[in-house]
Amino acid sequence: MKILITGGAGFIGSNLILHLHDKYPDYEILNVDKLTYASDLSYLKPLESSERYSFSQTDIVDREAVRKVIQDFKPDGIIHLAAESHVDNSIAGPEPFILTNVLGTFNLLEECRALWSAGEKEFSAYRFHHVSTDEVYGTLGDTGLFSETTPYAPNSPYSASKASSDFVVRSYHHTYGMNVVTTNCSNNYGPHQHDEKLIPVVIRTALSKKPIPVYGKGENIRDWLFVRDHCKAIDMVFHDGRSGETYNVGGRNEWKNIDLVRAICDELNLLTGNGPDGDYKNLITFVTDRPGHDLRYAIDATKLEQELCWQNTQDFRRDLRETVNWYIQKYTS
Ligand SMILES: NC(=O)c1ccc[n+]([C@@H]2O[C@H](COP(=O)([O-])OP(=O)(O)OC[C@H]3O[C@@H](n4cnc5c(N)ncnc54)[C@H](O)[C@@H]3O)[C@@H](O)[C@H]2O)c1
């Protein structure tokens, strides 16, 4: 099996490649990544000497480059994670989001369609897995959960670009019979996340004794899932998900931002014992809210649990501690 993974030098992609390389000794993996500011290839150093892993620095917006990499590698399947992924950046400058997330996805679909239409196997034997987000559903009020049938209502340029790409992927199944699956996951946490995202920001600013910025009053709620549980879900859906279906992935683990920030401060207090006046929480500072900030996301993962027997194995306190420890090492070594 030859799998092409896009965005493998990013947060989830690097965790996913390590997971798949370890679990499937007969798989050949090609990591296709532009290496934007959000990437870090050093996370894949353990695979440098592996004959089953290779890397191509390719921009998925460049159609010719995508054609070449796909025609050369001839993947049996693609897991597509490459994206511009930070909501704040999409508000400041949406264009790269439309280019990478929409046009880049289209380029991959078109070049896979060309390769697989002329392939040795049936067209439908090849798999295209699109990794997406719960943010496509917009925002929830105090109650309810996002299911696979929740209408799309994206509110930021980031979520709108991901929603658009979900629809393009869907159309390739219904129009051309391409074997596609899409996963829509909630917020991930764990090692390898870029410094700009909430959990690394909290840890980095706390360790340097700077104000820890929290949007608005910190009332926004997110459903947090450990990145390795997300990788297991992607693995299951890629291999066993029904063609043309979407699967929601989530942690049943809702946290108000302010409570999560406090929990991280408590971990830091415990692990470093070095907070200002004995407590990193003293650094929490409320800042002007993000425009159009969705109030609450929460996922109903019943379909994934019942159809594919996926289990969320996270123990939030344990996995948060591992995460905080990982960033302490990163920021203090
Ligand atoms: N992080 C989350 O909590 C979360 C939750 C649900 C879904 N997702 C989705 O999962 C995927 C991965 O997210 P992440 O958090 O790992 O993102 P990330 O920003 O950490 O990594 C994205 C990777 O894509 C690469 N990339 C960006 N533009 C590219 C281009 N034009 N061509 C090739 N490569 C390019 C970057 O270099 C980077 O390595 C995204 O599609 C995102 O929408 C993320």
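Me: Which ligand atom does the backbone of Lys 34 sit 3.0 Å from?
Reply: A nitrogen atom of the ligand lies 3.0 Å from a backbone N or O atom of Lys 34. This is a predicted model, where local features need pLDDT of at least 70, side-chain atom pairs count only at pLDDT 80 or more, and totals for chains, interfaces and linings use all residues. Residues are numbered from 1 along each chain as its sequence is written, and side-chain values use heavy atoms, with hydrogens and water left out.

Me: What about side chains? What does Asp 59 do at the ligand?
Reply: A polar side-chain atom of Asp 59 lies 2.9 Å from a ligand nitrogen atom. Tyr 158 also puts a polar side-chain atom 2.6 Å from an oxygen atom of the ligand.

Me: How much of the ligand does the protein bury?
Reply: 96% of the 830 Å² that the ligand exposes when taken alone. Areas come from the Shrake-Rupley method with a 1.4 Å probe.

Me: How many residues surround it?
Reply: 29 residues surround the ligand, each with a heavy atom within 4 Å of it. The closest are Ile 12, Asp 33, Ser 85, Tyr 158 and Lys 162.

Me: Which element gives the most to that shell?
Reply: Strand 5, with three residues. Helices (H or I, at least four residues) and strands (E, at least two) are DSSP runs, numbered from the N terminus.

Me: And the shell by class?
Reply: 13 nonpolar, 12 polar and four charged residues. Here Ala, Val, Leu, Ile, Met, Phe, Trp, Tyr, Cys and Pro count as nonpolar, Asp, Glu, Lys and Arg as charged, and the others, Gly among them, as polar.

Me: Is Cys 231 buried or exposed?
Reply: Cys 231 counts as buried, because its relative accessibility is 1%. Buried means under 20% relative accessible area, exposed over 50%, partly exposed in between (1.4 Å probe, protein chains only). Cys 265 counts as buried too, at 0%.

Me: Where is Lys 68?
Reply: In helix 2, residues 63-73. Lys 68 counts as exposed because its relative accessibility is 52%. Its C-alpha atom is 35 Å from that of Ala 153, 85 residues apart along the chain.

Me: Which residues does the UniProt domain annotation cover?
Reply: The unreviewed UniProt entry gives "domain: NAD(P)-binding" for residues 4-322. Over residues 4-322 the chain is 40% helix and 17% strand.

Conventions:
A polar contact is a pair of N or O atoms within 3.5 Å; within protein, one must be able to donate a hydrogen and the other to accept it, and residues adjacent in sequence count only if both atoms are side-chain atoms. UniProt positions are given in the numbering used here, feature names are shortened, and annotations may be inferred rather than shown by experiment.
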